[in-house]
Amino acid sequence: MARIKNARIIRWLKGKCGRVLLVILALLVWLPVLILLICSFYGEQEIIDCFGGVLLSNGNTAKLHALPSYPTLKGYVELLLDSLGFFVMFWNSCKQVFPILIGQVLIGVPAAWAFAHFVFPGKKILFHLYMLLMILPFQVTMVSSYLVLNKMNLLDTHGAIILPGIFATFSVFIITKTFREIPKPLLEAAAIDGAGEFRIFRYVAVPMARPGILSAIILSFLEYWNAIEQPMTFLETKSKWPLSLYLPNITVDKMGVSFCASVIMMLPAVLLFLWGQSYLEQGIAASGLKE
Amino acid sequence: MKAIRNWMQPFRQSKQKWIPTVRNKKVPKWVLGLLFLAPSLLGVAVFVLVPFADVVRRSFLDAMGKEFAGISNYESVFQNEAFQLAAGNTIKFILICIPLLLLVSLVCALLINGLKGYQEFFKTTFLFPMAIPVASVVLLWRLFLDRNGFFNEGVRLFGLSPVDWMNSEKAFGVLVFTYLWKNVGYDMILWLAGLAAIPKERYEAASVDGAGRWQTFRYVTLPGLRSSVFVIGILSLVNCFKVFREAYLIAGDYPHESIYMMQHLFNNWFVSLDIQKMTAASVVMAIVMLVIMSLVWYRNERSQE
C-alpha cells in the first residue's frame, strides 16, 4: 500500500517538476527587482546601516530588512525636487533616444518598403550588407565612427549619438520582414484602383505594418535607453551624458537617492515593455535571420 | 460592386489624366525603389561604409598615416599580449555562453509550451530583464557580489570563507550568469516561434504511432527546431558583445583579467589613441563577423532550394 502511495507521490512530483523549475527561475528575475523596490523606500540612515559595508566599505556586512524599518518617500522627493543633476541626465537620455526613434521611423520605414516591395539592381547585396551591419558589434565601427564624427565636428554633441543611431539597420530589417507579410493581391488591388506607389505605401503598406514598426521602435528604445558604449566613446563632457552612463556615479555622490534613481531609470523602459510586450515578442520573432 | 468598378474604370482614368502624379510620368519602378531606399543608404554610406573603407586603408599605413606599412599593424596586434588575453577571454566566453543560453532558453520554452495556464505570466517574467537598464541593476549586483555582500553572507552560513566575486576568477562566472539572466527571454521567444512553426500533423502522426513523450521530442520536436538553432545562435552572439555594459559598469576599465574582453581592449586603445592597432583589429573582427554571416546566407540559400 505504502509503495503505491510513494509511486503516486513520485509521479505527482514528476508532473510538477517543470513548474517548480519555472518558478525558481522566475524568482531569479523577480527577487532582484523586488529588493530594488524595497530599498528605494529606505531612508539614508537605514541604507548606511544595511549596506555601509558595501558602499562605504566600513567593514560591516550587508543585511536586508525585508520591510523598511522607517519607510519613507524622502529619496524620491529629494530626487525629483532637489537634484538638478539627475534631471539633466534624464533629459539628456530623452534628447538622445527620441530623435533616434523618430529618425529611424522616417528613414527606416521607406527603406524597408524598398527592400520588401521593389526590384532594383543590387538589392540582394545591399540587403545582405544591412544584415551584416546589424550584427556587427559596436567596437568594429568604433574607430570609423570616431573618424567621421570628428570630421563633421560632431564629437561631444548629442548629434554624435543621434545621427549614427538613426541609420542603425536593425529596425530596417525587422520592418522589412513585416512588409513582406502583406498579401500581394491586396497591393495589386490598390494599384488597380488607381493608387500610385506613394499612396500604396502611405495608405496601405504603412498601416498594415504598424505592429512591425511598433515592435522595431520598442526594441530600439530598450537598446538606446540602455546605451553605454556610444556615449562613453563620443561624449567627453559629463553634463551631456545620458542617465544610463551617469547613474552608477550617483551612488557615490548621494547614497540616499541611489535606489530611487535606479527605479526611476527603469520605469520608462518597464512601462513601455508592459504596454507593448506582444509587439516586442513579434519583433523578436521577426529578428530571426531567415530571409 | 465589381461590375460598378469595371464600369467606372474608363471615367476614372480619363479624370486622372489631368492630375499630374508621379505615376503618370511613368518613373520606372526600380528607380522608385532606389528613391525609397536612398535616404537610408546615404546615411549608412556616410556614417559607416565610407569611414570603414578609410579604416581599412589606414590599417595598412604607418603611424603617421602616410607610408604604406604592409601588414605590420596586423602583426603588432596579433603579437600584443593584451590582445591575446582579450581575444582568448572573448572566445571562451562565447563558447561557454552560447550553448548554455541555447539550452536554458530551450528548456524554458518547452516548459512554457507545456503549461496549461500562466504562459503569459512566465513569458513576461523571462523577458523582463530585457527591459531593465544595466545601470539600474549595477547597484544591486554590487550589493550581492561585494566582499561584504549578500552572497558572502550565504557563503558564511555554510561555514566557508568569503569570496571576492568581482576580483577573482569568479568574475567570469558572474558575467556568464548576468548574460544568461538578461538574454534567456529573447532566445526563449525565438524558440517558441520555432516550436509554433512545427506542423501539428507531425505530432498527431507521432501519437498515432504510439510515440512516448521522449520519442516525440527526439524525432519530431528536435528535427523541427534544427533550422532555428543556427539563427538563434547568431543572435545570441550579437548579444554576447553587449555584456560588456555589465562588465564595464560593475568592474570598470581594468577588471579582473579573467573578464578582460575585446571591448575593454578597444576601449583602452581608444583612450590611449592607439588608432593603428584599432584599425587593424576592427578589420579582423569585421572579417570574422562576415565569415559567420556568410554561413547564415549559405544555409538560407540551401534551405530555399
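Predicted model: local features only at pLDDT ≥ 70, side-chain atom pairs only at ≥ 80, totals over all residues.
B:Lys242 lies in helix H11 (residues 213–242) of chain B and A:Glu223 in helix H11 of chain A, so the pair joins two chains; helices are DSSP runs (H or I, at least four residues) numbered from the N terminus. B:Lys242 counts as partly exposed at 27% relative accessibility, and A:Glu223 counts as partly exposed at 23%, where buried means under 20% relative accessible area, exposed over 50%, and partly exposed in between (1.4 Å probe, protein chains only).

Residues are numbered from 1 along each chain as its sequence is written, while chains are lettered from A and ligands numbered from 1 in the order in which they are written. Local features need pLDDT of at least 70 and side-chain atom pairs count only at pLDDT 80 or more, whereas totals for chains, interfaces and linings use all residues, and side-chain values use heavy atoms, with hydrogens and water left out.

### The charged group around A:Glu223

A:Glu223 also forms a salt bridge with B:Arg245, the closest N and O atoms being 2.9 Å apart. This pair likewise crosses between chains, from B:Arg245 in helix H12 of chain B to A:Glu223 in helix H11 of chain A. Helix H12 of chain B covers residues 244–251, and B:Arg245 within it counts as buried because its relative accessibility is 5%. The side chains of B:Arg245 and A:Glu223 are joined by a polar contact of 2.9 Å as well; a polar contact is a pair of N or O atoms within 3.5 Å, where within protein one must be able to donate a hydrogen and the other to accept it, and residues adjacent in sequence count only if both atoms are side-chain atoms. Not counting residues up to four places away in sequence, B:Arg245 touches A:Glu223, A:Asn226, A:Ala227, A:Ile228, A:Glu229 and B:Val134, contact meaning heavy atoms within 4.5 Å. A:Glu223, A:Glu229, B:Lys242 and B:Arg245 are linked in a network of salt bridges.

A search of the whole structure finds nine salt bridges over all chains, and five are counted between chain A and chain B. The table gives some of them.

| Salt bridge | N to O distance |
|---|---|
| A:Lys124 and B:Glu301 | 2.8 Å |
| B:Arg245 and A:Glu223 | 2.9 Å |
| B:Arg57 and B:Asp54 | 3.0 Å |

B:Arg57 and B:Asp54 both lie in helix H3 (residues 29–58) of chain B, where they are three residues apart, about one turn of the helix. B:Arg57 is partly exposed, with a relative accessible area of 47%.

### The interface as a whole

The size of an interface is often given as the accessible area lost when the parts come together. Chain A and chain B bury about 9200 Å² between them, 76% of it on carbon and sulfur atoms, buried area being the accessible area (1.4 Å probe) that two parts lose on being put together, summed over both. In chain A, the residues that lose the most area to chain B are A:Leu22, A:Ile135 and A:Gln139, together 7% of what that side buries. In terms of contacts, 104 residues of chain A meet 98 residues of chain B.

Between the two chains there are twelve residue pairs in polar contact, both residues being at pLDDT 80 or more. Helix H1 (residues 2–39) of chain A supplies the largest share of the side of chain A that touches chain B, with 14 residues. By class, this side of chain A has 72 nonpolar, 22 polar and ten charged residues, with Ala, Val, Leu, Ile, Met, Phe, Trp, Tyr, Cys and Pro counted as nonpolar, Asp, Glu, Lys and Arg as charged, and the others, Gly among them, as polar.

A:Pro32 is found in helix H1 of chain A and counts as buried at 8% relative accessibility. Apart from residues up to four places away in sequence, A:Pro32 touches A:Leu27, B:Leu140, B:Trp141 and B:Trp181.

### Nonpolar core and a covered helix

The largest nonpolar core has 202 residues, and those with the most contacts inside it include A:Phe51, A:Leu280 and B:Tyr179; such a core is a set of buried Ala, Val, Leu, Ile, Met, Phe, Trp, Tyr and Cys residues joined through side-chain atoms within 4.5 Å. Helix H9 (residues 170–196) of chain B gives the most to this core, with 16 residues. Leaving aside neighbours within four places in sequence, A:Leu280 is in contact with residues of both chains, among them A:Phe273, B:Leu127 and B:Met130.

Helix H8 (residues 170–180) of chain A is mostly covered, with nine of its eleven residues buried. The buried residues of H8(A) pack against helices H4 (84–117), H5 (123–135), H10 (197–208), H11 (210–225) and H15 (277–286) of chain A.

Technical notes. Salt bridge = Lys/Arg side-chain N within 4 Å of Asp/Glu carboxyl O.
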